Amino acid sequence: MSQQPVALRFVSSNRRVREDRRFVAGHGRYVADVVLDGMLHVALVPSQHPAAKILAIDTSAALKMPGVVHALTGDDLVRAVDPLMNGLDTPKVRRFPLAVGQVRYAGEWVVAVVAETRAQAEDAAEKVRVTYEPLPYVIDGEEAATDASPKVHPEHGTNVLLDKTFVWGDVEKHFAESPRHLSFRVVWGRNSTVPIETFGVVARWDAWREMLEVWASIQMPKYPDQIARALRIAANNVRVHQDVDVGGSYGVKRGIKQTVLVSHLSRILNRPVRLIEDRLENMRAGDAHGPERTFDVEVAFNDDGIVKSMKMKALDNVGAYAGRSPFQLGKPVGAIVGPYKIESVQYRAIAVLSNKAAQEAVRGFGQSPTNYAIEAAIDKVAAAVGLDRIEIRRRNFIRSHEFPYLIPSGTHYDSGDYHTVVSKVLASADYEALVKERDALRASGMMAGIGIAACLEPSGGNSSFEPLLNEKNTTSTWMDSCRINIDGLGFVTVTIHTTSAGQGHETLAATVVGEVLEIDPDLIRIVRPDSLASLPSNSPVGSRMAIMLGGACYHAAEKLKTKLKRIGAHQFGLSADNVVYAQGGVSDPRSNKTLSWAELVNIGHRQFHALPAGMEPGLETTHVMQVPTGTKLPENGRVQMYPCHSFEFHLVLLTFDPEIAKPEIRKYVIGHDCGVVINPHIVKGMTLGGIAHGIGAALLEEFSYDSEGQLLTQSFMDYLLPSSHEVPNVEIVHHCTPSPFTVFGQKGSGESGYLGSPAAISGAINDAVSPLGISFSRLPIRIAAISDAIAAAKNKQAEDYA
Amino acid sequence: MKLEIGGSETIPASVDALWVALNDPAVLTRCIPGCRSMTEMAPDAYKVEMQLRVAAVGGSFEGEISLHDKEAPKVCGIKVSGAGSLGHGNGTARFEIEPDGEDSKLIYKGTGEIGGLVAGVGQRILSSVSKHLIGRFFTALRKEFEQPVHGAAE
């Protein structure tokens with residue numbers, strides 16, 4: 001791993017995000033813009049029961065409707081496709097794009113109706129008659145984990161998908177030695193990311209070329225492989241077009257069941273087929289739901305507030321199917337102690353099936369809920385020992401000289417300077433004044449509180465949680481690639497090999513390659529070949545692309561620079577080590593003779609006789625990047641999870657009227673250290689968006705079900721999103737502690753803001769209501785919950801007084 | 001979600017006339033909001049087709065209604081179940097008719113369970129919508145007696 005010693009020209013500089021021009025001007029090319037001749041449209045018939053046997057499906061009336069071409073049932077589909085990928089070793093938890101024999105959640109897709117237009121398909125879907133025999137169901141995760149509960153997948157025998165306990169270090173000894181303990185429960189409600197664009201996919205099976213062409217709004221790792229496996233075709237019969245802009249994702253654009261469904265339909269109907277979810281389909285049964293987790297936490301500490309050990313039980317209600325979602329209990333293992341020197345941890349991870357929509361990946365992949373639980377513990381310890389919440393964090397933080405720091409679960413944190421970030425934030429926010437403002441608000445009859453959260457963003461996206469939670473999985477790489485070509489006229493084209501969901505990868509790749517080759521990034525063309533022409537790459541998950549795509553681009557550019565230097569050195573009769581590369585030219589330092597870019601390109605492309613012996617003609621290089629630090633499989637439940645760890649420190653002042661209870665955020669400051677920033681605008685956008693997302697998770701957003709298993713939040717009337725009314729002006733305080741493991745010292749920032757804001761806002765509300773002796777232990781903390789709790793507490797105070 | 005209904009209404013009709021009306025599919029088709037057709041499948045068992053709009057969602061609904069524990073002309077039990085693009089529902093109700101001077105008093109009480117789209121999208125207003133629909137039913141029923149229409153629906 002190298003550190004760039006020279007001054008950076010383009011990296012970290014204030015340069016525009018090149019993608020933004022087309023997005024802002026309305027010239028993105030999204031999946032809905034892919035219109036093919038003869039394209040058919042799909043609408044879906046959803047289950048109205050949380051669990052029921054499908055006794056009969058009558059599609060005859062639907063098939064008579066205008067424009068209707070086909071109506072597909074699960075029984076038809078299951079004969080032609082294999083089950084969708086399941087991350088865990090639970091082969092009897094089978095999932096198909098349509099319900100087969102039984103429905104397992106309200107909203108699950110039962111029949112796909114295909115017509116000439118979407119409107120015709122929707123009208124016809126209303127005519128499909130499904131006869132159900134309702135079955136017992138279970139909605140609550142803890143109840144689902146009991147033996148007596150109805151089984152979501154009876155063949156599996158239990159609703160428990162995963163129940164694994166890790167013990168890292170002398171937990172029992174540390175608990176026995178510690179003078180003080182406390183335990184508590186906190187609950188993270190089922191929320192998600194809500195992209196403006198729902199999932200959409202167009203598939204065209206070309207029988208004569210034996211090729212399935214796919215255009216999709218996708219952010220799914222191993223997407224072409226998963227399609228090929230489910231459809232039982234060779235992977236090189238699947239061509240995923242990656243030059244499709246994705247209108248937001250942050251994890252949820254998983255799309256595999258939708259893709260397998262329309263691909264199958266295209267294959268049997270011999271026409272292109274499109275499915276673009278409407279909001280109802282998306283919210284009920286698209287890949288819209290994220291983690292829903294109950295934490296039982298116990299910590300052992302001393303009178304100075306030093307936390308020695310922690311026991312954490314995390315029970316996650318993953319909904320009706322497995323997929324990759326249980327792995328969201330695994331990623332937090334890589335930062336299970338947060339930024340703190342907790343010496344030992346017992347972690348029990350339980351994933352439970354229920355009759356809710358299947359959970360999918362969401363920004364942070366389980367880290368934000370875990371950070372919320374850790375921060376709740378630190379706040380409670382502070383209260384228990386009577387310490388300031390900032391002081392207790394300072395006491396427990398890992399010191400800047402202790403990096404790389406090995407945490408009990410086997411990950412080395414790369415670098416950090418948490419104390420400095422905190423000091424900078426306190427200075428910037430004028431913490432003393434903030435405390436005075438809170439107290440003045442309280443004196444005026446308002447509720448007011450300060451929230452504090454410190455947390456890490458593991459980044460770099462290795463997939464070590466897969467082998468950690470599933471011993472049959474031996475994945476130890478999660479590579480990303482870059483190819484650079486200088487054409488015969490000297491223009492540079494860089495290929496990247498995934499879709500992007502707004503992360504600015506074109507800017508990233510151009511900036512890095514421009515930096516290394518010392519050419520203007522704006523002159524570099526970035527292209528995304530289709531999946532068959534792509535080098536091995538994974539999707540932009542796990543806050544990894546600055547590190548992985550940035551790293552791949554860096555190394556490919558370095559290889560290309562070396563080739564140019566060798567070509568130049570050969571002309572000068574020197575070794576490559578003895579020439580100087582600057583701004584695209586190679587010079588002989590003795591004679592000051594320089595070969596320009598154009599001359600080097602001419603030799604590379606046209607003068608084989610002038611190339612060094614054994615060199616291939618042309619100017620093209622590739623690099624397939626392994627995740628830094630990703631060297632081995634887990635051993636004894638310990639593994640190096642992610643290579644890099646960005647740090648964030650949140651400081652919030654909020655206030656609300658005790659009766660109306662609508663929180664107003666008066667001040668929001670975040671200290672952010674993601675190492676060397678490649679593009680400041682992208683990082684700023686990620687951080688601000690992440691905080692807005694966290695405000696939703698803390699105060700507003702939840703996919704809630706009633707006791708009869710019906711989803712109550714199927715539209716934006718009920719699933720509330722933060723708007724400009726709720727999202728405050730956010731002040732970002734930057735700090736840079738370079739990572740020693742990456743090419744420029746960069747770390748990830750794709751999940752920044754979101755990973756700590758729910759904890760900080762929850763802490764602020766709890767600080768605000770602390771004078772009443774109450775607290776909230778469940779997110780989101782809705783307005784009604786606050787006002788009800790305050791009223792109850794005041795009534796109780798009045799009764800006690802009386 | 002669970003739904004409970006109940007109440008009493010005075011109808012300008014004799015107990016016997018009201019009983020006959022409430023057992024006449026033609027009358028019910030006219031009175032039940034959104035009811036498109038009501039077909040007798042067997043004695044005291046009907047198939048109904050409805051078209052309804054609740055909050056942001058509208059759609060069709062097909063169901064079955066059966067009458068049971070009838071004690072003419074006073075007491076009747078009703079069982080309803082059905083499904084459609086709006087969702088599914090089932091419920092039971094019971095009504096009693098008492099003389100009220102020259103008029104009759106209809107006392108009704110029932111519980112239902114509703115699922116699917118209508119439960120999710122319309123849940124916040126479902127109980128007020130159901131009250132509204134019941135109100136429309138009785139308004140129409142009263143009209144039947146104010147301007148008597150004899151025989152089957154045209």
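Which side chains meet in a salt bridge at 3.5 Å, N to O? They are those of A:Glu708 and B:Lys2; a salt bridge here is a side-chain nitrogen of Lys or Arg within 4 Å of a carboxyl oxygen of Asp or Glu. The rule finds 2 salt bridges across the interface of chain A and chain B. By class, the side of chain A that touches chain B has 4 nonpolar, 4 polar and 6 charged residues. In these classes Ala, Val, Leu, Ile, Met, Phe, Trp, Tyr, Cys and Pro count as nonpolar, Asp, Glu, Lys and Arg as charged, and the others, Gly among them, as polar.

This is a predicted model, in which local features need pLDDT of at least 70, side-chain atom pairs count only at pLDDT 80 or more, and totals for chains, interfaces and linings use all residues. Residues are numbered from 1 along each chain as its sequence is written, chains are lettered from A in the order in which they are written, and side-chain values use heavy atoms, with hydrogens and water left out.

**Interface**

Contact (heavy atoms within 4.5 Å) involves 14 residues from chain A and 22 residues from chain B. The two chains bury about 1,400 Å² between them, 46% of it on carbon and sulfur atoms. Of the area that chain A buries against chain B, A:Gln48, A:Arg129 and A:Glu708 supply 36%, more than any other three residues. Buried area is the accessible area (1.4 Å probe) that two parts lose on being put together, summed over both.

**Cavities**

On a 1 Å grid over the protein atoms alone, a cavity is a set of points where a 1.4 Å probe fits but cannot get out, and lining residues have an atom within 4 Å of a point. Grid points are joined across faces, edges and corners, and a volume is the space filled by probe spheres set on the points. The count comes to 11 cavities of 30 Å³ or more.

| Cavity | Volume | Lining by class |
|---|---|---|
| Largest cavity | about 1,200 Å³ | 30 nonpolar, 10 polar and 1 charged residues |
| Second largest cavity | about 550 Å³ | 20 nonpolar, 15 polar and 6 charged residues |

The largest cavity is lined by 41 residues, and B:Ile5, B:Ile32, B:Met50, B:Val80 and B:Ile134 lie nearest its centre. E6(B) provides the largest share of that lining, 9 residues. Helices (H or I, at least four residues) and strands (E, at least two) are DSSP runs, numbered from the N terminus. In the second largest cavity, A:Gln503, A:Ser543, A:Arg544, A:Met545 and A:Gly750 lie nearest the centre, and H18(A) gives the most to the lining, with 3 residues.

How values were computed
1 Å grid on protein atoms, 1.4 Å probe; cavity = no way out; pocket = protein on both sides within 12 Å on 5 of 7 lines; lining within 4 Å.
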